[in-house]
Amino acid sequence: MSLTKEIQKRRTFAIIAHPDAGKTTLTEKLLLFGGAIKTAGAVKSNKIDTATKSDWMEIEKQRGISVATSVMGFEYKEIKINLLDTPGHQDFAEDTYRTLTAVDSVIMVIDCVKGVEIQTEKLMEVCRMRNTPVICFINKLDREGRDPYDLLDEVEEKLNIKVRPLSWPIGMGKSFKGVYNLYDKKLNLYTPSQRQLSDDRLEIKDLEDSKLVDKIGPNYAEQLREDVELIEGVYPDFDPKEYLEGKVAPVFFGSAVNNFGVNEMLDTFIKIAPGPKSRNTEDREVVPDEKNFSGFVFKIHANMDPNHRNRIAFLRICSGKFERNKPYNQVRGTKPLRFSNVTSFMAQDKEIVDEAFPGDIVGLYDTGNLKIGDTLTDGENMTFKGIPSFSPEIFREVINKDAMKTKQMEKGLKQLMEEGVAQLFTFEMGSRKVIGTVGQLQFEVIQFRLKNEYNATVEFSPMNLYKACWISSTDKKALDEFVRSKNRHIARDKEGKLVFMAESKSWLQMVQDNYPDIEFHFTSEF
Ligand code: G4P
């Protein structure tokens, strides 16, 4: 098959949701429809249950399991779908942010009872940074949820994106009858079933058709006519181009656990969702059907066994064909790298692959050469943009408890940061090392792994910090002056970039007002 055909066949996306909205359930149903799994219950939730919340070893074990489900590939109606899993635990939000850099679109699941929740808002902010196209699936319609109009308004307001319903629910909860698909004018009647995968949809082009009343009764038929009239009046026609630009999110209603509305969405998804998109490097745009291979590493999963310090690096292929055992240019490095152990992820099986194409994700076994954000190419020296670090939320100072092991500690910290476990900031004055994370859990992870894998002993001391802001200015003198006058609060990130460590929100605001020539950024890429 030609490269262009391979590219056209692929759709790479992630499901995002606040925990409990139904991401795992929807994933499983998609795999069932794709024929990739045969029975329900095969997909393990990567959610951390409350009993093990503080037991991070247990969590790491579960994360180990979730490596297998990090990428789930399957074919549906001749389209190769790569579904990327995102961690369920919010302490690993940074992992999710990075995963979102490797997809071309997103399906967002919202619980119709709870509406838009905080984690969804945060994830959506990341999607908006790259104008990622979003399809919204409003789930759990078998429960008494909120009014659908209110839910749509809430999505628009809280997530700052226009919506366009492509299906509309008839009743809800106990009286849920089904959905009417506004896009292909079909009525999908609800029969609760956790197993059934049938797709009986009745075409009803004209809502005055007597078949409608026969199926749902006069009252619901009347309500549906009113709703459809209102929707068609309020919302402009669905424009796929606007969706592809990330400006409007088509909305579907359903019940994942009951297999309802899922294949309807999947059918629309394969029609409208983008294939592998072009990506920007620092110098130029790379289009997928360029002959030469390029890709970037967006995730690294370490092996927890100290005797085998190997890791799996997840590579998103951006252009050309990737081949096993071929030497590739690691742009940051000095010598070419060759990978013999390359896995692809089909459903839940890992298998060695010889080649992969744009949109695909492959796992590379690596002994410590690769780090997050690395670009691999056929030869060209270019670096993909769009894998930023985000300002962490919790900060602690690293205290080295064993001066004899300083070297080991530094090496361990460096490697863990390359894996993206957390972020390290080193203060300009006194070289104090501060770790920033989005969750408490990472501190336990770091402490344990430094001891276990590097034989270094550290403790953490809390720090009263609000944000790490990357700083820049077009006026070099102003920047130098700022760094001089605020030197107690200036640190460097792992790339050596200047960072202002703000102690409180109000103080940061004051500093921003007092130094209008300095730009403060909340992500490392600006
Ligand atoms: P997550 O990955 O987003 O965290 O959510 P997950 O799929 O694990 O779903 C969370 C809970 O919501 C599960 O119930 C699941 O069965 C339920 N759920 C998913 N879709 C629907 C739906 O359409 N309707 C209803 N009523 N419930 C739904 P649980 O009790 O936590 O687990 P389980 O024992 O049922 O598996």
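Before anything else, the cut-off I need: a residue counts as buried when its relative accessible area is under 20%, and as exposed when that is over 50%. Also for the record, this is a predicted model.

Entry 1, Ile79. Buried or exposed, I asked of Ile79? I found 13% relative accessibility, and since buried means under 20%, Ile79 counts as buried. I then looked up where Ile79 sits, and its place is in strand 3, which runs over residues 79–84.

Next I checked which residues Ile79 touches, leaving aside neighbours within four places in sequence. I got Gln8, Lys9, Arg11, Phe74 and Ile270 as its contacts. I also looked at Gly34, which is 45 residues from Ile79 along the chain; their C-alpha atoms are separated by 9.8 Å.

How many residues surround the ligand? I have 16, and the closest are Asp20, Lys23, Thr24, Thr25 and Ser255. Helix 2 (residues 23–33) gives the most to the shell, with three residues.

I find a ligand oxygen 2.5 Å from an N or O atom in the side chain of Thr25. At Arg143, I see a polar side-chain atom 3.2 Å from a ligand nitrogen. As for cover, the ligand on its own has 710 Å² of accessible area, and the protein covers 66% of that.

Definitions and conventions:
Residues are numbered from 1 along each chain as its sequence is written. This is a predicted model: local features need pLDDT of at least 70, side-chain atom pairs count only at pLDDT 80 or more; totals for chains, interfaces and linings use all residues. Side-chain values use heavy atoms; hydrogens and water are left out. Helices (H or I, at least four residues) and strands (E, at least two) are DSSP runs, numbered from the N terminus. Buried means under 20% relative accessible area, exposed over 50%, partly exposed in between (1.4 Å probe, protein chains only). Contact means heavy atoms within 4.5 Å. A residue is near a molecule or strand if one of its heavy atoms lies within 4 Å of it. A polar contact is a pair of N or O atoms within 3.5 Å; within protein, one must be able to donate a hydrogen and the other to accept it, and residues adjacent in sequence count only if both atoms are side-chain atoms. Accessible areas come from the Shrake-Rupley method with a 1.4 Å probe; for residues, only the protein chains shown count as cover.
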